[in-house]
Amino acid sequence: MTQSYRVIMHSLAFLCFWAFAWIALSHNRFLFQLDNQADEQSFYSSSFTERNKSNSDGDDVAIQHMKGGKLIEEKKRRGERKRKTLHMLNCIHLRDNKTEIVEEWEVNFKSVLSNAPLDNDLHIHVIANHPGSKIVEERVRKAGLHRSKWRNRVFLTIYDVESKQVEWTKFLDEKTRGVERDDRISIGGYYRLLAYQVIDTDVVDELVYMDTDVVILTNLNDLLRNMNTTHEENQSMIWQYAATFANSGFMVLNMPKFHRFWELVDKLPSIDHAGDQCLLSMVVENWPNETYRGLLPDAWNVHLGHGWRRGPHNLLKSGRNVGMLHFTGAWGETYFAEGIDKYCNYKDRGPACKNHLEEYRSSWGLAEYYVRLTWDWLIYFESSKISYDEVGFNLNINTIAV
């Protein structure tokens with residue numbers, strides 16, 4: 001009996017030991033899970049605050065979250081990083097119902113929107129005569145951009161400057177001292193030099209001018225961080241180029257200072273040619289300190305030109321960084337219409353395109369992505385960049401009759 005009693009007691013002790021061990025282990029596991037859940041809640045709470053602080057108004061706010069089962073209250077400063085707006089300009093003067101320049105602009109527009117700054121806003125300005133402004137409005141409406149959503153704020157402002165044509169023609173005649181302007185260059189070629197008269201320079205300080213045959217290949221964050229014509233040491237600059245050569249088709253304009261350009265034109269000893277690029281070159285030659293070459297990286301000054309040239313057409317083999325491509329070519333059947341193959345096989349094209357088609361595809365062909373990219377796809381691609389917990393911004397479209 002005594003031996004049986006001992007066996008029973010040993011068995012009960014053994015069972016009690018494991019029962020207490022199981023209870024202790026379960027309790028610790030429960031506490032561990034609770035702490036993990038609290039940490040996860042804290043992580044998402046703080047992450048949500050960090051993601052949204054740049055969209056707020058700069059006030060102090062109380063943030064509550066769980067940590068180790070306890071309610072923690074913190075104070076966060078919203079709006080710590082000031083958002084900038086990248087301003088970009090295109091100019092369109094439609095004449096004789098020729099829409100090639102609009103085809104170029106639409107490809108440029110796609111490339112700009114596809115590479116909009118990731119963390120800042122974008123404002124695209126288009127200066128056009130009345131026919132040009134109407135067809136731009138039509139293309140934008142047809143693309144469905146008024147229904148689109150974007151990661152950051154995007155603005156498109158179209159300036160109808162038809163009423164300024166007579167005034168600006170008289171202004172140019174006076175400034176160029178009656179020298180006859182090249183008939184191939186319409187008054188639209190001078191719109192960028194007159195943009196400060198229609199764009200609010202109290203709001204817009206730096207503005208990137210692009211010819212319509214410029215295609216953006218990389219995100220515009222890099223361009224934004226390298227624009228500094230309005231920094232204290234550069235405030236006298238009227239415009240900004242890259243280091244390699246003066247490219248009047250892609251330049252940063254200091255809008256509050258740009259009236260100074262025409263003051264310097266008045267001081268030129270003589271004017272032999274009244275073209276827009278000639279005026280820019282003469283001012284640079286006579287007053288080099290008013291402008292500066294070298295502030296923009298060379299990646300933002302890649303010029304392809306037209307015809308066959310071995311250097312530009314071997315870009316992919318050069319190891320050079322490329323932020324944009326500046327295309328120049330003949331009017332008419334351009335490579336922006338339906339791609340490089342059609343351009344090279346055009347009836348009046350020389351043998352260079354056909355004999356070097358693969359090289360052309362490696363240079364001009366880089367723009368073909370935007371030529372073929374549909375607006376539906378572009379809008380979907382851009383909406384996919386919106387954070388999962390945000391609704392995004394509508395694209396703001398506005399037309400101003402100047």
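Author: With a relative accessibility of 1%, Leu-280 falls under the 20% limit and therefore counts as buried. The model under discussion is a predicted one. Leu-280 belongs to helix 8, which spans residues 276-286. Setting aside residues up to four places away in sequence, Leu-280 touches Arg-192, Leu-193, Trp-239, Tyr-241, Ser-248, Met-251 and Phe-261. Trp-262 is 18 residues from Leu-280 in sequence, and the two C-alpha atoms are 10.0 Å apart in space.

The view may now be widened from this residue to its helix. The axes of helix 7 and helix 8 come within 10 Å and cross at roughly 80°. This angle lies between 65 and 115 degrees, so helix 7 is roughly perpendicular to helix 8. On the side of helix 7, the residues in contact are Phe-261, Trp-262, Leu-264 and Val-265; on the side of helix 8, they are Leu-279, Leu-280 and Val-283. Sorted by class, this contact comprises seven nonpolar residues, with no polar and no charged ones.

Helix 7, formed by residues 259-267, also meets helix 4, formed by residues 165-175. Their axes come within 10 Å and cross at roughly 40°. Helix 4 and helix 7 are therefore oblique to each other. Here Phe-171, Leu-172 and Lys-175 of helix 4 are in contact with Trp-262, Val-265 and Asp-266 of helix 7. By class, the contact of helix 4 with helix 7 has four nonpolar residues, no polar residues and two charged residues.

Phe-171, Tyr-196, Trp-239, Tyr-241, Phe-258, Phe-261 and Trp-262 form one aromatic cluster. Phe-261 and Trp-262 are both buried. The count of aromatic pairs comes to 14. In one of them, the ring centres of Phe-261 and Trp-262 lie 4.9 Å apart with 75° between the planes; this angle is over 60 degrees, so the pair is edge-to-face. Another edge-to-face pair joins Tyr-369 and Tyr-370, with 5.0 Å from centre to centre and 80° between the planes. Tyr-370 has a relative accessible area of 6% and is buried, whereas Tyr-369, at 46% relative accessibility, counts as partly exposed.

Glu-106 is found in helix 2, which covers residues 100-114. Its relative accessibility is 13%, so Glu-106 counts as buried. Apart from neighbours within four places in sequence, Glu-106 is in contact with Arg-139 and Trp-375.

Finally, the setting of these details is the whole chain. The chain contains 15 helices and 14 strands, and buried residues account for 46% of its 402 residues. Of the contacts between residues at least 6 apart in sequence, 74% join residues at least 24 apart. The accessible surface of the chain comes to about 21700 Å², and 52% of that surface belongs to carbon and sulfur atoms.

Methods:
Residues are numbered from 1 along each chain as its sequence is written. This is a predicted model: local features need pLDDT of at least 70, side-chain atom pairs count only at pLDDT 80 or more; totals for chains, interfaces and linings use all residues. Side-chain values use heavy atoms; hydrogens and water are left out. Axes are lines fitted to C-alpha atoms, for helices over the stretch in contact, and angles run from 0 to 180 degrees between N-to-C directions. Helices (H or I, at least four residues) and strands (E, at least two) are DSSP runs, numbered from the N terminus. Angles under 35 degrees count as roughly parallel, over 145 as roughly antiparallel, 65 to 115 as roughly perpendicular and the rest as oblique. Contact means heavy atoms within 4.5 Å. Ala, Val, Leu, Ile, Met, Phe, Trp, Tyr, Cys and Pro count as nonpolar, Asp, Glu, Lys and Arg as charged, and the others, Gly among them, as polar. Buried means under 20% relative accessible area, exposed over 50%, partly exposed in between (1.4 Å probe, protein chains only). Accessible areas come from the Shrake-Rupley method with a 1.4 Å probe; for residues, only the protein chains shown count as cover. Rings of Phe, Tyr and Trp (its six-membered ring) pair if their centres lie within 6.5 Å; planes under 30 degrees apart count as stacked, over 60 as edge-to-face and the rest as tilted.
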